[in-house]
Amino acid sequence: MNYRIGQGYDVHKLSEGRKLILGGIEIPSAKGCIAHSDGDVLIHAICDALFGAASLGDIGKHFPDSDPGYKNISSTILLRQTLEMVSKEGFSVVNIDSTICLQSPKLKLYKENIKESLIELIGVQNISVKATTTEEMGFIGEGKGISVYAIVLLEKL
């Protein structure tokens with residue numbers, strides 16, 4: 001069997017009056033991501049991990065923020081397109097592990113909904129969504145930003 005591992009990372013500034021969307025789910029929050037698309041930092045990190053595992057470059061190559069066609073686009077659409085590209089290369093997703101770094105709001109009440117949304121979007125059960133703070137350190141701890149780490153395992157069929 002041929003397995004590939006991909007790692008993804010994304011970070012966005014937070015601003016009042018913006019929606020906070022994670023894994024296709026809107027999270028109640030006073031601040032959301034500043035972005036060209038809907039700013040779903042979790043899906044962006046997963047897309048980067050998928051592209052990396054399939055040796056297809058990165059999210060900026062396929063969905064550049066300089067392209068007006070991606071302005072305010074739902075990241076769930078980007079994820080579907082990413083999965084199609086990965087599938088065309090003969091890969092399927094085995095599992096995904098992710099960690100959201102955000103000081104506030106706490107995500108304990110939302111992690112299961114985010115996970116279920118990703119399971120539905122990606123079509124695999126083996127998805128982990130974890131959340132942590134930075135103990136009030138750095139730009140994330142100060143409430144100025146959010147970051148996500150994602151790791152993907154693909155299998156060549």
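Predicted model: local features only at pLDDT ≥ 70, side-chain atom pairs only at ≥ 80, totals over all residues.
Two strands pair if DSSP finds at least two bridges between them. Strands (E, at least two residues) and helices (H or I, at least four) are DSSP runs, numbered from the N terminus. With that in hand, look at Asp-97: its bridge partner in S7 is Ile-151. Residues are numbered from 1 along each chain as its sequence is written, and side-chain values use heavy atoms, with hydrogens and water left out.

Now for the sheet. Strand S5 (residues 91-101) and strand S7 (residues 145-156) run antiparallel and are joined by 10 bridges. S7 also pairs with S1, again in the antiparallel sense, over 12 bridges; there, Gly-8 has Ala-150 in S7 as its bridge partner. The whole thing is an open sheet of 5 strands with mixed pairing, in the order S4-S1-S7-S5-S6. Strand S4 (31-33) and strand S6 (127-132) are the edge strands, each pairing on one side only. On average, neighbouring strands of this sheet are turned by 25 degrees against each other, direction ignored. (Axes are lines fitted to C-alpha atoms, for helices over the stretch in contact, and angles run from 0 to 180 degrees between N-to-C directions.)

What packs on the sheet? Helix H1 (residues 41-53) does, touching strand S1 (2-16), S5 and S7, and its direction makes about 155 degrees with that of S1. Contact here means heavy atoms within 4.5 Å. Helix H4 (residues 111-122) packs on the sheet too, touching S5 and S6, at about 145 degrees to the direction of S6.

These two helices also meet each other. The axes of H1 and H4 come within 12 Å and cross at roughly 45 degrees, so the pair counts as oblique (under 35 degrees would be roughly parallel, over 145 roughly antiparallel, 65 to 115 roughly perpendicular, and the rest is oblique). Leu-42, Ile-43 and Ile-46 of H1 make the contact with Ile-114, Leu-118, Leu-121 and Ile-122 of H4.

Ile-122 leads us to the inside. The largest nonpolar core has 44 residues, and Leu-22 and Ile-122 have the most contacts inside it. Such a core is a set of buried Ala, Val, Leu, Ile, Met, Phe, Trp, Tyr and Cys residues joined through side-chain atoms within 4.5 Å, where buried means under 20% relative accessible area, exposed over 50%, and partly exposed in between (1.4 Å probe, protein chains only). H1 gives the largest share of this core, 10 residues. Leaving aside neighbours within four places in sequence, Ile-122 is in contact with Ile-46, Leu-79, Leu-83, Val-93, Ile-96 and Ile-127.

Most residues other than glycine have a negative phi, and most peptide bonds are trans. The peptide bond from Ser-104 to Pro-105 is cis, with omega near 5 degrees, and Pro-105 is found in the loop between S5 and H4. Glu-135 is not a glycine, yet has a positive phi of about 55 degrees; Glu-136 has a positive phi as well, near 65 degrees. Glu-135 sits in the loop between S6 and helix H5 (138-141) and, at 63% relative accessibility, counts as exposed. Glu-136 lies in the loop between S6 and H5 and is exposed, with a relative accessible area of 61%.
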